[in-house]
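Here is a short report on the fold, the packing and a few single residues. The sequence and the model come first.

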Amino acid sequence: MEKVSGKWALVTGASSGFGQDFASLLAERGYDLVLVARRAVPMEVLATELRSQHRVQVRVIAQDLASAAGADALIATLAEQNIQIHTLINNAGFGVFGEFTEQPYEKTEEMLQLNMLSLTRLTYGFARQMQQRGEGQILLVASIGGYQATPFYAAYAASKAYVLLLGEALNVEMAKYGVKVSVLSPGITATGFLDVSGQKATLYQRLMMMQSRPVAEIGLRAMFAGKPSVIPGIMNKLTIFSNRFAPRWLQAKIAASLMKN
């Protein structure tokens, strides 16, 4: 594993789940870290561990990226601190489970702000800086839900389809500037996602569940290699491959049955 020195990585959603694993894995590679999420306390605990174990700098920024001004505020804070981001892990996001019309619209709007608009603003802001320097890496975290319509996660899956297509397009656009852009599309993983979304794990989800750290490792390897997109886990890969042989209306009906049983 190649060690780096003096380069900063920004990890959003760093208070739990994938975010903490991304941070740990990057610290092992020698990256200094900016950790961002709403909750400061879990990030401070992680920061203390990473400073001690890997002798890296770690900055903790408590910032709500689900607000319209959150991403701009984060970019401005890093500019004031003169921190140049070499690697961006756009991981922050959440889902809302249930029938679309039964969910409070404000919650859905907050989700879309975080999953798409804030992600896009951070990608745009830091990609421009990387482009000017002629190097950099960006990982966008999508979902296998982004490959198909998913009843009971309708808006969430649609937001991840946006992330998937955005990242795969930017992989091509940014390559000539020396900037790598990749998309990680996990399936169900042992993070706090289900608790936040309000869903109790189904039998299908329990059988398909992957652990968080190996998924994060797969995503980072894809990013460092400059791959446009990666789906972790053989069963997730088979699920998405099999979708090629079914019309989208049938995919949606199958997905609905798996979400409720």
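A residue is buried when its relative accessible area is under 20%, exposed when it is over 50%, and partly exposed in between, using a 1.4 Å probe and protein chains only. By that rule Ala27, at 1% relative accessibility, is buried. The model is a predicted one: local features need pLDDT of at least 70, side-chain atom pairs count only at pLDDT 80 or more, and totals for chains, interfaces and linings use all residues. Residues are numbered from 1 along each chain as its sequence is written, and side-chain values use heavy atoms, with hydrogens and water left out.

## Overall build

The protein chain holds 10 helices and seven strands. Both kinds of element are DSSP runs numbered from the N terminus: H or I over at least four residues for helices, E over at least two for strands. The radius of gyration, taken over C-alpha atoms, is compared with a globule rule of 2.2 Å times the number of residues to the power 0.38. The protein chain has a radius of 18 Å, close to the 18 Å given by the rule for 261 residues, so it is as compact as a globular protein of that length. Its C-alpha atoms fill a box of roughly 50 × 35 × 30 Å along the principal axes.

Of the 261 residues, 52% count as buried. The accessible surface comes to about 12400 Å², and 56% of it belongs to carbon and sulfur atoms. These areas come from the Shrake-Rupley method with a 1.4 Å probe; for residues, only the protein chains shown count as cover. A contact means heavy atoms within 4.5 Å. Among contacts with a separation of 6 or more, 71% are between residues 24 or more positions apart.

## The sheet

Two strands pair if DSSP finds at least two bridges between them.

| Strand pair | Bridges | Sense |
|---|---|---|
| S2 and S3 | five bridges | parallel |
| S1 and S4 | four bridges | parallel |
| S4 and S5 | four bridges | parallel |

Leu35 stands opposite Val60 in S3. Val11 has Ile89 of S4 as its bridge partner. Ile89 in turn is partnered by Leu139 in S5.

S4 is mostly covered, with six of its six residues buried.

## Two cores

A nonpolar core is a set of buried Ala, Val, Leu, Ile, Met, Phe, Trp, Tyr and Cys residues joined through side-chain atoms within 4.5 Å. The largest has 45 residues; Leu10, Val34, Leu78, Ile85 and Phe126 have the most contacts inside it. A second, separate core of 33 residues includes Leu26, Leu35, Leu50 and Leu139.

Val34 shows the packing. Leaving out residues up to four places away in sequence, Val34 touches Trp8, Ala9, Leu10, Val11, Arg59, Ile61, Leu78, Ile83 and Ile85.

Ala27 sits in helix H1 (residues 17–28). Beyond its neighbours within four places in sequence, Ala27 contacts Leu33, Leu50, His54 and Val56. Arg51 is 24 residues from Ala27 along the chain, with 8.6 Å between their C-alpha atoms.

Ala127 belongs to helix H4. Ala127 is buried too, at 8% relative accessibility. Not counting residues up to four places away in sequence, Ala127 touches Leu122, Ile138 and Met174. Gly30 is 97 residues from Ala127 in sequence, and their C-alpha atoms are 22 Å apart.

## Positive phi

Most residues other than glycine have a negative phi. Which way does Asn82 go, positive or negative? Its phi is positive, near 55 degrees. Asn82 lies in the loop between helix H3 (70–80) and S4, and is exposed, with a relative accessible area of 64%. Phe152 also has a positive phi, of about 75 degrees. Phe152 is in the loop between S5 and helix H5 (154–175).
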